[in-house]
Amino acid sequence: MPNELKTIVMLKGVIIGTGFWSNFQIPAWQELKGVKITGLYNRTFEKAKAIGEKFGIRNIYDNAETLLEKEQPDFVDIITDVDTHAHFTKLAAERRIDVICQKPMAPSLQLAKDMLEVCKANGVRLFIHENFRWQLPVRKLKETLDSGVIGRAFKARVSFCSAFPVFDNQPFLKSLDHFILTDIGSHVLDICRFLFGEAKNLFCVTQRVNAGIKGEDVANVLMEMQSGLHCYAEMSYASVMEKEAFPQTLVFIEGESGALYLTNDFELKIIKQDGTTSTIIQPVMYNWLDPGYAVVHSSIVDCNRNILQGLQGGNAETTGDDNLKTVKLVWAAYASAATGKAIHF
C-alpha cells in the first residue's frame, strides 16, 4: 500500500495589538507550518495597517469584536498592555476561540485566575507566551542539568541584571506601579520553575533606584525549592556591569560533584574538580530579528511552535494552568517585600 501523506491542518490566528513585540511575534508565526495569521487589530488603525503592510497581512481592524466576527479565527494572540489582557481574553473565550496571551498574564493574581476560569468555563484553551524558557542556552542548560553531570544540585543563582535603557522602546513601563517583578521577574521566576521545579517558600526585597519610574527596578528573591535546592533570583535594571549582558539570563548551579555556569555570550561551562569544559550555544539568527535581542527573539519561534502543538491537541508547556504558578510566585514576592516576611506555599 502506498504511504499516506500526512495532512497539515492550517490553523487561523489573529493578532490583537500591534505594538513593539508584534514586530517579532508575527514573523515568528510565519516561520511555522500549519498556521496563518489572517487579521490584525489595534485601536489605532494606521498602526495596525503599517504592521500589516510590513508582514503581508491585509485584513486590518480597529474594532476587536469585528476582527473576531469576520475572521472566525481558531486562536487569538494578545500582544497588548497587561491591563487589557483580561478583557481581550474574555472577548475571545466567550466566542469559543482559543487564547494565547503575552506575559505577564494579568496585572493581579485575581485577574489571572479570572482569565483561566473564563477560558475553562467556555471550553477553550489558554496559553501564555512565556518564551524565556525556550531560549536555546536555557534549554541546553536544563538538558545538561538533567543529565546528572554535576550530581544533585543544591544551590543556584539566576541573574538578570543590567543598565539597559528598557524604557526607551517601551515607555509605558515607567508608569507601572509594579515593574520589574511583573516584567522581567515573570521570565526569571519561570526559568527557576523550569530548571528546579516548584518553590516551597520565598523571601523577597525590592528597591526603586530610578527616580523617574513608579515601580521597583531592583528585586532579589530567595527561594527554597521543594527539592531542597536554594535558589537566588536577582533582577535589576539599575546595575552598571563591567560586561553588559542584556538580554541574557545568567545562571550558576552548584551540585554535589560540580557546577554549571551559563555565562555571558551564551557560554555554558561544566565545572568539575579535574577541569572545565565549555560550549557556546548560539541562537538561530532569523533575518527579521534584532541581533541585539537575538536570544530572545529566536526563542519566540520555539515557544510558538510548542503552543501550536497545544492548539493542535498535543502537549504544550506554557499553559494558563502552568503559568499561574509563576504568577503566584510574582505576587508572593510582592507580598513578602511588603511585609518583610517569608511566604510559605
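This report walks through the nonpolar cores, a surface patch and the salt bridges of a predicted model.

## About the model

Residues are numbered from 1 along each chain as its sequence is written, and side-chain values use heavy atoms, with hydrogens and water left out. Because the model is predicted, local features need pLDDT of at least 70 and side-chain atom pairs count only at pLDDT 80 or more, while totals for chains, interfaces and linings use all residues.

## The nonpolar cores

Let's start inside. A nonpolar core is a set of buried Ala, Val, Leu, Ile, Met, Phe, Trp, Tyr and Cys residues joined through side-chain atoms within 4.5 Å. Here, buried means under 20% relative accessible area, exposed means over 50%, and partly exposed lies in between (1.4 Å probe, protein chains only).

The largest nonpolar core has 83 residues, and Val76, Leu181, Phe196, Val221, Met223 and Ile253 have the most contacts inside it. Helix α7 (residues 180-196) gives the largest share of this core, 10 residues. Helices (H or I, at least four residues) and strands (E, at least two) are DSSP runs, numbered from the N terminus. A second, separate core holds 31 residues, including Ile79, Trp134, Tyr286 and Ile307.

## A patch on the surface

Which residues make a nonpolar surface patch? Phe203, Val205 and Leu222 do, and the patch covers about 250 Å². Patch residues have over 30% relative accessible area and no salt bridge; like charges are joined within 9 Å, and nonpolar side chains (Val, Leu, Ile, Met, Phe, Trp, Tyr) within 5 Å. The areas come from the Shrake-Rupley method with a 1.4 Å probe, and for residues only the protein chains shown count as cover. Phe203 sits in strand β8 (residues 199-207) and is partly exposed, at 34% relative accessible area.

## Salt bridges

Side chains of opposite charge can pair when their charged atoms come close. A salt bridge is a side-chain nitrogen of Lys or Arg within 4 Å of a carboxyl oxygen of Asp or Glu, and the count by this rule is 20.

In one of them, Arg139 pairs with Glu317, with the closest N and O atoms 2.8 Å apart. Arg139 is in helix α6 (residues 136-146) and Glu317 in the loop between α8 (294-311) and α9 (320-339), so this pair links parts of the chain 178 residues apart. Both residues also belong to a network of salt bridges with Arg133, Asp190, Arg193, Glu198 and Asp322.

Glu256 forms another salt bridge, with Arg152. Glu256 is exposed, at 55%, whereas Arg152 is partly exposed, at 45%.
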